[in-house]
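Please open the structure in your viewer and keep the selection tool at hand. The tour below goes from one selection to the next and says what is to be found at each stop.

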Amino acid sequence: MTRDDRPAPTAPTTLAALSDAVRDRMPQTIAELSELVRIPSVSWDGFDPAHVAASADAVAGLLRGLDVFDRVDIVSAPIPGTEQTGQPAVLARREPRNGRPTVLLYAHHDVQPPGDDSLWQSPPFEPTVRGDRLYGRGAADDKAGVIAHVAAIRALVDTVGDPDVGIVMFIEGEEEFGSRSFRALLDAHRDTLAADVIIVADSDNWTTEIPSLTIGLRGNAAFTLTISTLAHASHSGMLGGAAPDAMLAAVRLLATLHDDDGAVAVAGLTSHDQEVPADDLERFRHEAGLLEGVSPIGRGALLHRVWAQPAITVTGIDAPSVQNASNTLQPSVSVKISARVAPGQSAADAFEAIRDHLVAHAPFGAHLEFGQVDLGNPFLVDTSGWGADEALQSMREAWGAEPQLTGVGGSIPFIADLAEVFPDAHVLVTGVEDPESRAHSPNESLHLGVLRRAILTEAVLLARLTERAQATDVH
C-alpha cells in the first residue's frame, strides 16, 4: 500500500501483550499442529476416509477447547451430480456483541497424498523439527492454517478476555480433492457462515521475513483424456510402422499444447494484464529446482507467467511401466491434464478452448474421450476496502516489514463462491507458507518463525476488529 490513509496503529501495550501471548504459547501451538500432522487425512478417492473423519474430530476438539464459540459442529453435504457425500468439515460460530463485525476464518484439514515415502527425509506423517522448520505432510498446507486460527483466538482471549468480535471458523475437509461439496455447504449453512470479513489462510508469503497479501489467483480446469487408436493390443514387430499406437498419438497430441518456447499454444486461452514485481531469475531457479542448463519456459516476465498467464500440465499418465513393458502397440492411453486459468477468464471457457484444440489436433484420426472434468474460476481480490487496510496494517505490526501484494499461480476455486454468496464481505487471502515450504511435494515443511508471525498478524487483526465500529457501518 502506498496510500497515506493507513489505519491508526494498534496500541503499543496491546501489540506487546499479544506478541507475548503468541510467544508463550508456541510450544503448545507446535504440539497441537504436530498432532494434526500425524493424522493422514488424505481426502482423495482410494484413501481411507476414516482418517479425514478423525482429523475433523481433532479440529473440533481444538475449537471446543477455546471455549469461545456458541457451537461447534462437524458437517457434510452432498456432492452435486453424484450420490456421494463430501468429506466432513468443522463449523463453529460465536455471535458478535455490541455491534462489532464478524470475521470468518477459513482453512482446510485435509492433505495431499504423501507420494513416494522414499523421497522424504523423515516419514511424511511423523512431524519432525529440523532447524527452524517443521516437516510433514500438511504441516504447511494447510493444517498450519488451522492452527494459526486457533492460536490467534487463544492469544486474543489471553490478552483481552472474552472479545466482542464475532468469529466463524470454517475448516474444510476436501480442499485438496476439489472442494466438491463446498458450494452445497455454503448454501446449507449460509446464515452461520455470514461475515463482514473472510480470511482464507491457504496461501504463502513473499519470504520468511516479508509477508504477503494474495490479491490474484488462477483458476483451474482439470480433466482426464483417453486417446485410443486400436481395438486391441498388437505385436509391435508385426504391425509397428503401419498401425498407429495410442502412445504415439498421445505424445504427438500433447506436444501441440505448447509452442517451441514452452508457452501455451491453445487458441482462446487468455492472459491477464497486470503489473508484477521485477524478475529474479536466480530466486526462480532456486524455488523451482531447475537443473543446471534447464531454462524457464514461456514468454514475458517470470511472475507474469505464473500469476497471470494460462498454464497446462500433464500431471499423470496411465501406461505400462518400464518394468512391465512388452513389445506391444498400446490401443489406449489415458492422461490427467491440469490447466491453470488466468484471471479474467472463466474456467468453463478455458476448458472448452482446450477441448476444441485437442479434438482439432488429434493425429491419425485418434478417438478422444474426456472425463472427470473439475472446474474452478480464478479470482481477483479487491484491496480498496477497509478489510484489506486492516489486514495490511496487522501484517506490518506483526512482521515489522511492509507486506507484498502478490498473485499466486495456484488455485483456490471456492473463493469465487464465497464472493458470490457474500458479496458485501471483504475476502482476504493470507497464509503461513513461504517459498521453501514445498507444499504438495516430498519434504513439505513450515517455517516456525513464519508461523509465529502469521499467528500474531491474525491476533492483531482480531484485536483491531474487536475495537472497530459497528458492522452496519463498515460495508
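Two strands are said to pair if DSSP finds at least two bridges between them, and helices (H or I, at least four residues) and strands (E, at least two) are DSSP runs numbered from the N terminus. The model is predicted, so that local features need pLDDT of at least 70 and side-chain atom pairs count only at pLDDT 80 or more, whereas totals for chains, interfaces and linings use all residues. Residues are numbered from 1 along each chain as its sequence is written, and side-chain values use heavy atoms, with hydrogens and water left out.

Begin by selecting strand E2, residues 89–94. Strand E1 (residues 71–75) pairs with E2 in the antiparallel sense over five bridges, and in this pairing Val75 stands opposite Ala89 of E2.

Next, select helices H3 (residues 49–66) and H4 (residues 143–160), which pack at an angle of about 10° with their axes 10 Å apart; the axes are lines fitted to C-alpha atoms over the stretch in contact, and angles run from 0 to 180 degrees between N-to-C directions. H3 and H4 are therefore roughly parallel to each other, a term for angles under 35 degrees. To see the contact (heavy atoms within 4.5 Å), show Ser55, Val59, Leu62, Leu63 and Leu66 in H3, which meet Lys143, Val146, Ile147, Val150, Ile153 and Arg154 in H4.

Moving to the backbone, look at the peptide bond from Asp141 to Asp142, which is cis, with omega near 0°; Asp142 is found in the loop between strand E5 (133–135) and H4.

Finally, select Gln372 in strand E14 (residues 367–376), where phi is near 50°, a positive value in a residue other than glycine. Is Gln372 buried or exposed? At 64% relative accessibility, Gln372 counts as exposed. Asn443, in the loop between strand E17 (426–433) and strand E18 (445–447), likewise has a positive phi, of about 65°, although it is not a glycine, but Asn443 is buried, with a relative accessible area of 10%.

Definitions and conventions: Angles under 35 degrees count as roughly parallel, over 145 as roughly antiparallel, 65 to 115 as roughly perpendicular and the rest as oblique. Buried means under 20% relative accessible area, exposed over 50%, partly exposed in between (1.4 Å probe, protein chains only).
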